[in-house]
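Good morning, colleagues. May I ask you to look at the sequence and the model on the screen while I go through a few of the details.

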Amino acid sequence: MTKDEIIAQCITIFLAGYETTAATLQYMVYLLAVNPDKQEKLYNEIITTIGDDTATYENVMSLKYLDNTLKETLRCFPPIPFVTRIAAETRTIKDVTIRAGTSVGVSIGSIMQDDEIFPEPSKFLPERFDNEDMPTLVRELAFGAGPRQCIGMRLAQYEAKMAAVTIIRRFRFIKVPETPEMITFSTSARFSSPDKLIFVGTELRNSQ
């Protein structure tokens with residue numbers, strides 16, 4: 001790799017690992033606030049597994065329900081809802097021929113809301129990712145797939161989980177009068193962007 005390519009990849013990693021992570025945490029906080037039963041289930045897993053110990057890569061990445069919660073958040077609100085790829089070679093898929101060099105758009109947001117893939121797609125159900133038969137492609141689709149999968153995926157997952165453990169151990173997120181019943185989005189070519197600010201309340205947990 002040339003020096004310019006190395007610099008470009010580093011910039012991409014930081015953009016992919018930080019901007020989208022901040023958006024994902026925003027959506028996760030909102031979803032936990034409006035689904036308090038899921039929030040308490042996640043909190044109990046964190047306390048049971050880690051307690052007051054220092055959060056480390058090993059113990060944070062071992063939290064199954066946290067992993068489910070992150071995946072379900074990304075399903076409900078993928079930070080990058082639409083991606084494009086250039087076909088490297090001519091292929092025919094279900095009687096549709098895609099010529100080499102053709103730009104192909106994939107609507108990740110639409111796939112994530114397909115009720116044939118995700119029953120009751122409007123509901124926040126982290127438990128759906130306990131299904132061991134769910135293809136890896138579906139589990140990780142928010143990060144793209146194949147050789148062009150998001151280069152910042154692992155960094156983003158670790159950051160999001162570490163941040164979630166840190167704040168959920170100390171705070172409970174609650175609905176307030178300003179909390180929207182539904183998030184609507186403005187038009188964006190690259191990132192999902194709510195057209196209004198998302199407000200939730202916080203309470204300091206007594207155990208802390």
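Let me begin with a term: contact means heavy atoms within 4.5 Å. This is a predicted model, in which local features need pLDDT of at least 70 and side-chain atom pairs count only at pLDDT 80 or more, while totals for chains, interfaces and linings use all residues. Residues are numbered from 1 along each chain as its sequence is written, and side-chain values use heavy atoms, with hydrogens and water left out.

I turn to helix α2, residues 36–49. Helices are DSSP runs of H or I of at least four residues, numbered from the N terminus. The 14 residues of α2, at 1.5 Å a residue, should span 20 Å, where the expected span is 1.5 Å times one less than the number of residues. The end C-alpha atoms of α2 are 20 Å apart, which agrees.

Which residues of α2 are buried? They are Lys 38, Gln 39, Leu 42, Tyr 43, Glu 45 and Ile 46. These residues cover an arc of only 160° around the axis, which puts them on the same side of α2; the arc is that of the directions from the helix axis to the C-beta atoms. Asp 37 and Thr 48, on the other side of α2, are exposed. Buried means under 20% relative accessible area, exposed over 50%, and partly exposed in between, with a 1.4 Å probe and protein chains only. Just after α2, Gly 51 takes a positive phi of about 60°.

Next, the partner helix. In the meeting of α2 with α4, Lys 38, Lys 41, Leu 42 and Glu 45 in α2 contact Lys 64, Tyr 65, Leu 66 and Thr 69 in α4. By class, this contact has three nonpolar, one polar and four charged residues.

Gln 157 lies in helix α7, residues 153–168, and is buried, with a relative accessible area of 12%. Leaving aside neighbours within four places in sequence, Gln 157 is in contact with Leu 70, Glu 140 and Phe 143.

Glu 120, by contrast, sits in the loop between α5 (108–112) and α6 (136–139). How large is its relative accessible area? The value for Glu 120 is 44%, and the residue is therefore partly exposed. With neighbours within four places in sequence again set aside, Glu 120 is in contact with Leu 125 and Arg 128.

Key:
Helix = DSSP H or I, 4+ residues; strand = E, 2+ residues; numbered from the N terminus. Nonpolar A, V, L, I, M, F, W, Y, C, P; charged D, E, K, R; others polar.
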